[in-house]
Amino acid sequence: MNWVKFVVLLALLLVPLIDCAKLIEVTPVSGNAEERRFPEWFKFGAATAAYQIEGGWNEDGRGASVWDTLTHDYPELVVNRDNGDVAADSYHRFREDIKALQEVGFNFYRFSISWARILPEGDLSSLKQAGIDYYNKLIDALIEAGIEPVVTMVHYDLPQYVQNLGGLASPLFVKYFKIYANTLFRNYGDRVKMWITHNEPFDFCVEGYGSGIDGPLVRASGVGEYLCGHYTLLSHAAAYHLYDQRYRKEQGGSIGITLSGRFFFPASNETVPSVIDRALQYQLGWFTHPLFSESGGYPPIMIEDIADHSLLEGRTMSRLPEMSERERKLIKGSADFLGYNYYSSRLVERDPREYDIGSPPSLDKDAGLIYSVKPSWKRAKSSWLYVVPEGLRGILNWFKEEYNNPLVFITENGFSDDGQLEDHDRVEYYRAHLEQLLGAILDDECSVMGFTAWSIIDNFEWLRGYSEKFGLYHVNYSSPTRERTPKLSSKFIHEVIQSRQVPSNVISRG
Ligand code: BGC
C-alpha cells in the first residue's frame, strides 16, 4: 500500500472512534505503570460464530444446520421467533466486520466455519466450492488487513444431515469430523495457523443432547450429554492427530479446543474445598482432565459417581461411556492450547439430599450441587451472566495448579445489554476482567497467550434471538444494510490494545 492510501485509510478508520472518545475518560493504571503491561507477545482479538452472523442460510448450496432446523421448525423456542436467516449478513458484509476489527486494533479474529456451507451432507460427496471460496475470501481479506485468522471448526451448527446420523452422540461423528477437519486443513491451512476444533462442549452436550432445550433438541438426559462429550473428545483428538501426522510440519500451526465453565466460590463457611473441586471437575474437568491431566481419562469423581448412580438405577453399564486405554492415550495431550471462554461464576454447596432414582438422571443430579449467586454481583441482560471478574483469575490459577500451567487462550469474554452505543457497563466489565487477567499473568505467572472479546458485532444470541447484545459494534437490525456502529466499549478496548495497560478507573462523561 502506498503512503497516500495509508493516510487516507487511517483517517477513515479513526473517524468513527472520535465521537466515542468524547464520552470516556480513562485514569491510567496505579502503581508502577511500566510493569503493569500486557507482554509484547500477548494478543488481543474478537470472536463471532457462523450461524450468529452470516445469514445467507440457503445461498450457494449451503445445507441446513441444526440451528436452521430449530429456528424454522420450532420458531416458538426463540425470543421474538428470531432466526439467523439473514443475521448480520456477514456472508455479504464480512468486509465491514474486518473494518471494525481494524478500527479497534485487534491482532486476530476468531470466526467459525459453517460445515453445512462447505459439506452440507457432512462429507466430500457434497463439497460446495462456493462455500470454500467464501472462507478463502474472508481469510485473504483478514490477512490483507493484518489480522490473523483463528478458526473454530464447529460452533454449535452441525449440518442437519450429520445430526440425522446421530450427531455428536454417535461414534460415526468421529469419522465425519475427521473428513471435515481434513478439508479445512487442506484448503485453509496454508494461511490459518490457529485451529479450534469445538466450542463449549459442556454447553452443547448438556443442553443439546441432555435436557434437549437447545439445538439439536435431543432429549436424553443423563445419557446423551455423556455420549456427546465422549465423541466430542474423540473427534477433537482425531483432528489433532490428523494435523500432527499430515499437516503440522508443513503448515506449522496450533490446534486446540474451546471449553467453558464457571469458577466456584464456597456458598458458606461450611462448604469444604472438596465441594469446589467437585463443581470444577463436573464442568471443566469433564474435558480438561482427559486432555490436560497427567493420567488422562475422565475425572475419577465422575467415573465413580456415575457408575454408582447407574447401578442404583438398575443399569448394567455406566451412563458415562467407558474410555478405553487406546482412547485415553489418543485424547491425553492432544491440544496445543486450552481455549477457554469465561463469562461468570457461582457460589456452590453440596446438595444434602440422597440420590433420588425416582426422577430422570442428569449431569446436574450426578454432580449433586446447589448453585447460587452473591446479592452484590451485578447482572447483565442475560439471566445467567453475573459479573464476577475475580472468577477469571481464580480459574486461570486452577488451570495452573491442576494441569501444570498449560497454555491458555481466552477465546471469549463479554457482557450483554440492550445494544446501546454508550455501553458503560460493558466498558466496566472489560476493564475489571482485563485487570484480573493482568494480575493472573504478571503476579500469578499463569500462562495465557491471548484474550478474545465476544463479540465484535451484535449478533443472533441463540434462544435469546436478537434480544441480548454482546457486540463492541452495534448492528442496525431494522435496516437491510445492517450498518455497524462503534460503541464506547470498542474505543475502550482500542485504548487497552494501544497502551497495553488497563486503566484503574473509567469515568464516563455521558
Ligand atoms: C458462546 C457464544 C454466545 C456467548 C454469549 C458463548 O457461550 O460461545 O456463541 O453467543 O456465549 O452467550
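These legends describe close-up views of a predicted model.

**View 1. An open sheet of three strands.** The strand order is β7-β9-β10, and the pairing is mixed. β7 (263-266) and β10 (369-372) stand at the edges. Each has a single partner strand, so one side of each is left without a neighbour in the sheet. From one strand to the next, the twist averages 45°. β7 and β9 (residues 345-350) run parallel and are joined by four bridges. Within this pair, P266 stands opposite V348 of β9. Helix α11 (residues 273-292) packs on the sheet and touches β7, β9 and β10. The direction of α11 makes about 120° with that of β9.

**View 2. The shell around the ligand.** The residues here are A49, Q52, N199, E200, D203, S260, N341, E412, W454, E461 and F470. By type, the shell divides into three nonpolar, four polar and four charged residues.

**View 3. The largest nonpolar core.** This core holds 143 residues. V151, M153, L338 and V408 touch the most other members. Helix α10 (residues 224-251) gives the most to the core, with 12 residues. Look next at L338 and its contacts. Beyond residues up to four places away in sequence, L338 touches G256, L259, T288, F292, F399, P406, L407, V408 and F409.

**View 4. L142 in helix α6.** L142 lies in α6, which spans residues 129-144. L142 counts as buried because 23 other C-beta atoms lie within 10 Å, and the cut-off for a buried residue is 20 or more. Leaving aside neighbours within four places in sequence, L142 is in contact with I98, Y109, I147 and P149. F108 is 34 residues from L142 along the chain, yet their C-alpha atoms are separated by 8.5 Å.

**View 5. Helix α9, mostly covered.** Helix α9 takes in residues 201-210, and nine of its 10 residues are buried. The buried residues are P201, F202, F204, C205, V206, E207, G208, Y209 and G210. They pack against two strands, β5 (194-199) and β6 (254-260). They also pack against helices α10, α11 and α14 (363-367). Just after α9, G212 takes a positive phi of about 70°.

Notes:
Residues are numbered from 1 along each chain as its sequence is written. This is a predicted model: local features need pLDDT of at least 70, side-chain atom pairs count only at pLDDT 80 or more; totals for chains, interfaces and linings use all residues. Two strands pair if DSSP finds at least two bridges between them. Axes are lines fitted to C-alpha atoms, for helices over the stretch in contact, and angles run from 0 to 180 degrees between N-to-C directions. Two residues are in contact if their C-beta atoms, placed from the backbone, lie within 7 Å. A residue is near a molecule or strand if its C-beta atom, placed from the backbone, lies within 6 Å of it. Ala, Val, Leu, Ile, Met, Phe, Trp, Tyr, Cys and Pro count as nonpolar, Asp, Glu, Lys and Arg as charged, and the others, Gly among them, as polar. A nonpolar core is a set of buried Ala, Val, Leu, Ile, Met, Phe, Trp, Tyr and Cys residues joined through C-beta atoms within 7 Å. A residue is buried if 20 or more other C-beta atoms lie within 10 Å of its own, exposed if 12 or fewer, and partly exposed in between; C-beta atoms are placed from the backbone.
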